[in-house]
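Biologist: Could you walk me through reading a few features of a model, one at a time? I would like the general idea and then the case at hand.

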Amino acid sequence: MMQPFSGYIPSPPAVNAQPCAQFIDACHVLQSPRDFRFATLSTQGAHRPNEVLWLFKRPCSLTPAQLAWTYVSLCVVSLAIAGFFWSQGATLVMPFAGVELLAVGIAFLAYARHAGDAEKIILQSGQLVVEQEMAGRTLRAEFNREWVRVEPRDGDGSLIEVSGQGRSVRVGRHVRPELRPALAREIRSALLSS
């Protein structure tokens with residue numbers, strides 16, 4: 001049988017406030033405010049205070065090193081099987097295995113070149129900086145925050161065009177097309193608010 005609530009709530013044990021305050025300060029270094037869905041805002045303790053950062057990376061399941069090991073193991077297995085059939089008299093198996101491994105190697109190389117692709121948009125101290133890394137090359141564009149325009153290129157789901165001072169850059173390659181309008185609104189909102 002349950003007893004009715006008496007109204008007494010025991011007080012929590014005393015806690016040392018110093019470690020808790022340090023933990024809370026560390027959590028405020030990088031925080032995502034409620035109005036930012038994609039960005040990270042650095043506030044206290046960071047070497048760049050009040051910086052808003054959007055970072056988008058290509059979704060890759062294998063790093064280039066893991067891909068190389070996968071390719072080497074695929075080559076060993078494929079050449080072992082081809083060598084067995086070559087020794088049994090099927091002489092055309094080895095050339096076809098070589099062509100197959102060459103084609104797979106070219107495909108893996110194309111994948112590995114773009115595995116590190118990323119886009120970084122930084123809003124700090126009057127500047128909007130866009131850095132894009134594609135196939136090992138880094139492109140950087142800086143815009144004055146008062147003169148920059150952020151808008152979808154053609155319409156629904158298209159890349160976002162950041163333009164100003166006679167330059168333009170398209171961003172949003174690593175964001176799903178249906179989320180790009182929300183990203184453009186968020187960047188515009190951050191430009192207006194800070």
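**Reading the model**

Modeller: The structure holds 0 disulfides, a disulfide being a pair of cysteine sulfur atoms within 2.5 Å. This is a predicted model, where local features need pLDDT of at least 70, side-chain atom pairs count only at pLDDT 80 or more, and totals for chains, interfaces and linings use all residues. Residues are numbered from 1 along each chain as its sequence is written, and side-chain values use heavy atoms, with hydrogens and water left out.

Biologist: Is Cys75 buried or exposed?

Modeller: Buried means under 20% relative accessible area, exposed over 50%, and partly exposed in between (1.4 Å probe, protein chains only). Cys75, at 15%, counts as buried, while Cys60 is partly exposed at 29%.

Biologist: How many aromatic pairs are there?

Modeller: Rings of Phe, Tyr and Trp (its six-membered ring) pair if their centres lie within 6.5 Å; planes under 30 degrees apart count as stacked, over 60 as edge-to-face and the rest as tilted. The structure holds 3 such pairs. One of them joins Tyr71 and Phe108 edge-to-face, with 6.0 Å centre to centre and 70 degrees between the planes. Tyr71 lies in helix 2 (residues 64–87) and Phe108 in helix 3 (residues 93–113), so the pair ties together parts 37 residues apart in sequence. Helices here are DSSP runs (H or I, at least four residues), numbered from the N terminus.

Biologist: Which residues of helix 2 are buried?

Modeller: Leu67, Cys75, Ser78 and Ala82 are buried, and what covers the buried residues of helix 2 includes helix 3.

Methods: Helices (H or I, at least four residues) and strands (E, at least two) are DSSP runs, numbered from the N terminus. Contact means heavy atoms within 4.5 Å.
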